[in-house]
Amino acid sequence: MHPFSTRHRIRLVGAGIATSLSPALHEHEAAALGLTDYRYDLIDVAAEGIPVDRSGDALRQAVAAGCTGLNVTHPCKQVVVDSLDEMSGNARLLGAVNTVVVRDGRLIGHNTDHSGFLAALRRGLPDATLGRVVLAGAGGAGSAVAYALAAAGVTDLRVADLDPARAADVCARLAAAFPQTRVTAIPLEAIEANLEHCDGVVNASPIGMVGHPGTPFDTDALHPGLWVADIVYRPLQTELVAAATALGCDVLDGGQMLVAQAADTFALLTGITPDPDRMRRHLGELLADQCAPTVLEESR
Ligand SMILES: NC(=O)c1ccc[n+]([C@@H]2O[C@H](COP(=O)([O-])OP(=O)(O)OC[C@H]3O[C@@H](n4cnc5c(N)ncnc54)[C@H](O)[C@@H]3O)[C@@H](O)[C@H]2O)c1
Ligand SMILES: O=C(O)[C@]1(O)C[C@@H](O)[C@@H](O)[C@H](O)C1
């Protein structure tokens, strides 16, 4: 019997998720593929007064009520781990889950932030030299990106975070999982000096997203030999992406990871491989629609 049903009731569990683009991205792709009974809704734990440490219960209740698969986001990605029956190798390694597949009532955790960044890197920067790389931001997404970079073959990874303990924690986990990668926590103020002898840099901090203007380091330290990836996707053209593009660096924007993780999740939940190019075009339309009122307001 085919393990996948044609009826899909997907939920995203997290806090402050009202503006998530995942419902639109998933439902649009499902419709394009002829999946007419695919719904993606939100369970905002903050809005519903669910304590974050009970988000695993919320997940199980959703499944009991008919939910067939889930995305999990900030701040629940680590908390829900204990409520699952099984985890993929990557998710176990990361200690974080952003996708839950339901099979015969069993909840199986996956991490497509990890596979999504890896796919985005391979697709968007196929010729990137993966020697020495600096990563700014070691939070939920940053740790998945760090694992993806090590899995991609980066030999020397330097991790900086506003909270040095977070950078140190990611480095300790990585060193155990990827002995062939040299991982070092560096102070925030050392990013610029490190970039001089680096092949690439990734921003996985919130700096550059709407509400957090600026760049995570001084862009005067960029040089044309460097590839630059930003996982912030609101806006796609962050100040860092703009500065790197102007300098002629090879650049990867955050839309690539957003689409790749959504595509990987969609495939896990439905057994059908979606069209990432169509999803990327749709993301562009969604972001253009979202940005339009802001631009109008600013020009008043
Ligand atoms: N493109 C995607 O698919 C995707 C997926 C997940 C998250 N994101 C984006 O990534 C960003 C981070 O998300 P998260 O879930 O990891 O958040 P998080 O809160 O878990 O982690 C953010 C980390 O950045 C650190 N930080 C803050 N300012 C910094 C600075 N100036 N330099 C270095 N580190 C700094 C914080 O201390 C924290 O550890 C957000 O903008 C989010 O929208 C994108
Ligand atoms: O829709 C979002 O903004 C997401 O929450 C982004 C990121 O956290 C992904 O891992 C989730 O699958 C979806």
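## Contact range

In this predicted model, 65% of the contacts between residues at least 6 apart in sequence join residues at least 24 apart. That share is for the protein chain.

## Overall build

The protein chain has 10 helices and 12 strands. Its C-alpha atoms fill a box of roughly 55 × 50 × 35 Å along the principal axes. Buried residues account for 44% of the 300 residues.

Why can the chain be compared with a compact globule? A compact globule of 300 residues would have a radius of gyration near 19 Å, and the protein chain has 19 Å, so the two agree.

## Two domains

The chain divides into two domains. Domain 1 is made of two segments, 8-110 and 258-299. Domain 2 covers 114-252. Their centres, taken over C-alpha atoms, are separated by 24 Å.

At the boundary, 12 residues of domain 1 are in contact with 13 residues of domain 2. Which elements give two or more residues to the domain 1 side? They are α3 (89-94), α9 (254-270) and α10 (276-299). Helix α9 provides the largest share, with 4 residues. By class, the domain 1 side that touches domain 2 has 7 nonpolar, 3 polar and 2 charged residues.

## Nonpolar core

The largest nonpolar core holds 83 residues. Which of them touch the most other members? They are Leu-135, Val-145, Ala-146 and Val-159. The core draws on both domains, taking at least three residues from each of domain 1 (8-110 + 258-299) and domain 2 (114-252).

Ala-146 gives a local view of the packing. Setting aside neighbours within four places in sequence, Ala-146 is in contact with Leu-135, Ala-138, Leu-157, Val-159, Val-170 and Leu-174. Two of these partners, Leu-135 and Val-159, are themselves among the core residues that touch the most other members.

## Around ligand 2

What surrounds ligand 2? The shell consists of Gly-14, Ser-20, Leu-21, Ser-22, Asn-71, Thr-73, Asn-98, Asp-113 and Gln-261. By class, this shell has 7 polar residues, 1 nonpolar and 1 charged. Leu-21 is the nonpolar member and Asp-113 the charged one.

Gln-261 of the shell falls within the range of α9 (254-270). That helix also gives 4 residues to the side of domain 1 that touches domain 2.

Definitions and conventions: Residues are numbered from 1 along each chain as its sequence is written. Chains are lettered from A and ligands numbered from 1 in the order in which they are written. This is a predicted model: local features need pLDDT of at least 70, side-chain atom pairs count only at pLDDT 80 or more; totals for chains, interfaces and linings use all residues. Domain bounds come from an automatic or database domain assignment. Two residues are in contact if their C-beta atoms, placed from the backbone, lie within 7 Å. A residue is near a molecule or strand if its C-beta atom, placed from the backbone, lies within 6 Å of it. The radius of gyration is taken over C-alpha atoms; the globule rule is 2.2 Å times the number of residues to the power 0.38. A residue is buried if 20 or more other C-beta atoms lie within 10 Å of its own, exposed if 12 or fewer, and partly exposed in between; C-beta atoms are placed from the backbone. A nonpolar core is a set of buried Ala, Val, Leu, Ile, Met, Phe, Trp, Tyr and Cys residues joined through C-beta atoms within 7 Å.
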